[in-house]
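Thanks for coming, everyone. I'll walk you through one structure today. Please have a look at it first.

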Amino acid sequence: MSHSTVPRSGAEAGTPVKTPAASADATGTREERGSGKLSLRLRFRRDRALILMTVPAIVLVLVFNYLPILGNVVAFQDYDPYISDNGIVSILHSPFVGMENFQRMFEDSAFWNAVQNTLVLFFVQLLLFFPIPILLALLINSVVRPRVRAVAQAVLYLPHFFSWVLVIAVFQQMFGGAGMLSQLLRQHGYDGLDIMTDPNTFPFLITAQSVWKDAGWGIIVFLAALASVPTDLYEAAAMDGAGRWRRMWHVTLPALRPVIALLLVLRVGDALTVGFEQILLQRDGVGTDAGEVLDTFVWWNGVRNQDFGYAAAAGLIKGVVSIGLVLAANKVAHLMGEQGVYKK
């Protein structure tokens, strides 16, 4: 049976027929892709599913993080919450005092004492606490047997679920005036120790509590970074004659460097927040000279003394300084060749 040799039309052959609009869109897309840039419309069409998924999170952040920023106007007022049951009405009818709260704060020796204690605690924790999760992650990662590694990680991670009340109670039973250490010293003819109420050792006590409670939490981030290191790098270094320490120095630590830089930037930005609940529970035991930090200073003046404008001024200064610290630390990370919190 003979077949016709007459060619069929494009529609009959099943080939797509390009409309002028489709050709223009395809041409525009090819031109934009060739230039390495996509228009806002095309990017929205490409990522619309991801954008819709982030909308609830954006709404929550706006409502609970950014809208309350408007309440910082209280720092410039003699705010009285008892004017009305409505907080907004109270703000609108509270007298405006300008920079009076800030002037009081800069002349207050208690404020500068809180700043000094905050910075001392930050530097002690930065030197003694920040490197410990890195060292523990390297130690756990070097364990060959997976079961031993899992048990060690679980034991170190468990205290993270303890409340600060429980953590401080445990330390009180160990290092308090009637604790196990003091009783052991007295049994051997020595004077007992009460580390929990010693202002000189308070920064180290706070750091030790933070290490015991939260070091296991920090290990997770570094172990995840170590898991992404290709094993080929270790094998190549071993074939070149590198021992365990050289492999750790030239392979492991460079892989952790971006994560360390990012966490260090975030830690510097959080320098003025050194643990509100932890310190508030122990503030009276060591006295305000050693135990008062900015967070407890704001709480004491705002909640206990009902001086809301003064407390808001201190909190506002703390927030502005923290933002400056983040920007400065991120700039240093860029100079070191790391991305930091955001790219250049």
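Let me start with a question. Among contacts between residues at least 6 apart in sequence, what percentage join residues at least 24 apart? In this protein chain it is 64%. Keep in mind that this is a predicted model.

Now the overall picture. The protein chain has 18 helices. It has zero strands. There are 344 residues, and 28% of them are buried. The accessible surface comes to about 22,200 Å². Carbon and sulfur atoms account for 66% of that surface.

Next, the inside. The largest nonpolar core has 32 residues. Which of them touch the most other members? They are Leu256 and Ile279. Six helices each supply at least two residues of this core: H6 (109-128), H7 (131-141), H9 (164-175), H11 (202-227), H13 (244-269) and H18. H11 gives the most, with eight residues.

Let's look at Leu256. Setting aside residues up to four places away in sequence, Leu256 touches Ile134, Leu138, Phe222, Ala225 and Leu226. There is also a second, separate core. That one has 15 residues, including Val74, Tyr310, Ala313 and Ala314.

Stay with H11 for a moment.

Start with H6 against H11. They pack at an angle of about 45 degrees. Their axes are 9 Å apart. H6 passes H11 in a right-handed crossing. On the H6 side, the contact is made by Val120, Leu121, Val124, Gln125 and Leu128. On the H11 side, you find Pro203, Phe204, Ile206, Thr207, Ser210 and Val211. An α-helix has 3.6 residues a turn, so residues three or four places apart point the same way.

Now H9 against H11. The angle here is about 120 degrees, and the axes are 11 Å apart. H9 and H11 are therefore oblique to each other too. H9 also passes H11 in a right-handed crossing. H9 brings Trp164, Val167, Ile168, Val170 and Phe171 to the contact. H11 brings Leu205, Ala208, Gln209, Ser210, Trp212, Lys213 and Asp214.

Is Thr201 buried or partly exposed? At 27% relative accessibility, Thr201 counts as partly exposed. Thr201 and Ala290 are 89 residues apart along the chain. Their C-alpha atoms are separated by 9.5 Å.

Arg283 and Phe202 are 81 residues apart in sequence. From C-alpha to C-alpha, they are 9.9 Å apart in space. Is Arg283 buried or exposed? Arg283 is buried, with a relative accessible area of 5%. Buried means under 20%, so 5% qualifies. Leave aside the neighbours within four places in sequence, and Arg283 is in contact with Thr288, Gly291, Glu292, Thr296 and Trp300.

That brings us to H17. Which residues of H17 are buried? They are Leu294, Asp295, Thr296, Phe297, Asn301 and Gly302. What do they pack against? They pack against H6, helix H14 (276-280), helix H15 (283-286), helix H16 (288-291) and H18.

Let's take H17 and H18 as a pair. Their axes come within 7 Å and cross at roughly 160 degrees. That makes H17 roughly antiparallel to H18. The crossing is left-handed. From H17, Leu294, Asp295, Phe297, Val298, Asn301 and Gly302 take part. They meet Phe308, Tyr310, Ala311, Ala314, Gly315 and Lys318 in H18.

Last stop: the link between these two helices. Gln306 sits in the loop between H17 (294-304) and H18 (308-335). What is the phi of Gln306? It is near 60 degrees, a positive value in a residue other than glycine. Gln306 has 34% relative accessibility, so Gln306 counts as partly exposed.

That's my tour. Over to you for questions.

Conventions: Residues numbered from 1 in each chain as written. Predicted model: local features only at pLDDT ≥ 70, side-chain atom pairs only at ≥ 80, totals over all residues. Heavy atoms only, no water. Helix = DSSP H or I, 4+ residues; strand = E, 2+ residues; numbered from the N terminus. Buried < 20%, exposed > 50% of the residue type's maximum accessible area, 1.4 Å probe, protein only. Contact = heavy atoms within 4.5 Å. Areas by Shrake-Rupley, 256 points an atom, 1.4 Å probe, with all protein chains shown as cover. Core = buried A, V, L, I, M, F, W, Y, C linked by side-chain atoms within 4.5 Å. Axes fitted to C-alpha atoms, helices over the stretch in contact; angles between N-to-C directions. Left-handed = near helix turned anticlockwise from the far one by under 90°. Parallel < 35°, antiparallel > 145°, perpendicular 65-115°, else oblique.
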